[in-house]
Amino acid sequence: MNDKTKYTLAFIAVLLIGFVLGFLVSGRLIHNRINRMQRYYTPTGFRYEIRRILRPTPEQWQKMKPVLEEYARKNRENMMNFRQQQIEFIKKLQHDLKPFLSPQQIKRLEKLEWHRRKMMKNHRMHRRMYPPPNQQPPAKP
């Protein structure tokens with residue numbers, strides 16, 4: 001093999017390694033952002049994020065804690081209401097679209113709903129296995 005071929009292969013190898021590393025780093029960064037967003041919608045995560053952002057003194061924290069607990073509860077209720085509204089919205093959309101769809105399209109729509117439910121179930125299982133920080137895992141039966 002001549003030098004030109006060696007340099008070309010080395011360049012391609014470095015380029016591929018760079019793509020793989022970039023892909024992995026990008027995926028990890030996105031995963032961390034999504035986790036932080038999801039934690040924000042749990043009462044513990046909400047309090048943690050506010051505390052992380054504000055960095056209150058211990059005296060401030062003691063005064064702020066009751067207010068934050070109330071707003072953490074309201075934030076969670078708001079998120080659950082939004083999820084329920086979104087589920088109802090999608091069901092209504094599917095119901096209103098069905099008259100215009102072919103049998104194959106209806107099957108695809110039902111498959112999409114099945115995948116959504118499976119994803120939600122897996123998410124709930126993941127939340128049980130890996131609780132947010134400062135939260136105890138559920139007791140085993």
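Analyst: Of the 141 residues of the protein, 11% count as buried. Keep in mind that this is a predicted model. The protein has four helices and zero strands. Along the sequence, the pattern reads α-α-α-α. Among contacts with a separation of 6 or more, 46% join residues 24 or more positions apart.

Helix 2 runs over residues 43-54. It has 12 residues. From its first C-alpha to its last, helix 2 reaches 17 Å. That is close to the 16 Å expected at 1.5 Å a residue. Just after helix 2 comes Arg 55, with a positive phi of about 50°.

Which residues of helix 2 are buried? They are Thr 44, Gly 45, Phe 46, Glu 49 and Ile 50. An α-helix has 3.6 residues a turn, so residues three or four places apart point the same way. What covers the buried residues of helix 2? The cover includes helix 1 and helix 3.

Phe 46 and Ile 50 belong to the largest nonpolar core, together with Trp 61, Leu 68 and Ala 72. That core has five residues. Helix 3 gives the most, with three residues. In soluble globular proteins, nonpolar side chains tend to be buried together.

Look next at Ala 72, one of the core residues. Leaving aside residues up to four places away in sequence, Ala 72 touches Pro 43, Phe 46 and Arg 47.

For contrast, turn to helix 1, which spans residues 3-40. Phe 19 has its place in this helix. Is Phe 19 buried or exposed? Phe 19 counts as exposed because its relative accessibility is 56%, and the cut-off for exposed is over 50%.

Last, the surface as a whole. The protein exposes about 12,500 Å². Carbon and sulfur atoms supply 62% of that area.

Phe 46 and Ile 50 are buried in helix 2, and both are part of the largest nonpolar core.

Methods: Residues numbered from 1 in each chain as written. Predicted model: local features only at pLDDT ≥ 70, side-chain atom pairs only at ≥ 80, totals over all residues. Heavy atoms only, no water. Core = buried A, V, L, I, M, F, W, Y, C linked by side-chain atoms within 4.5 Å. Buried < 20%, exposed > 50% of the residue type's maximum accessible area, 1.4 Å probe, protein only. Helix = DSSP H or I, 4+ residues; strand = E, 2+ residues; numbered from the N terminus. Contact = heavy atoms within 4.5 Å. Expected span 1.5 Å × (residues − 1). Areas by Shrake-Rupley, 256 points an atom, 1.4 Å probe, with all protein chains shown as cover.
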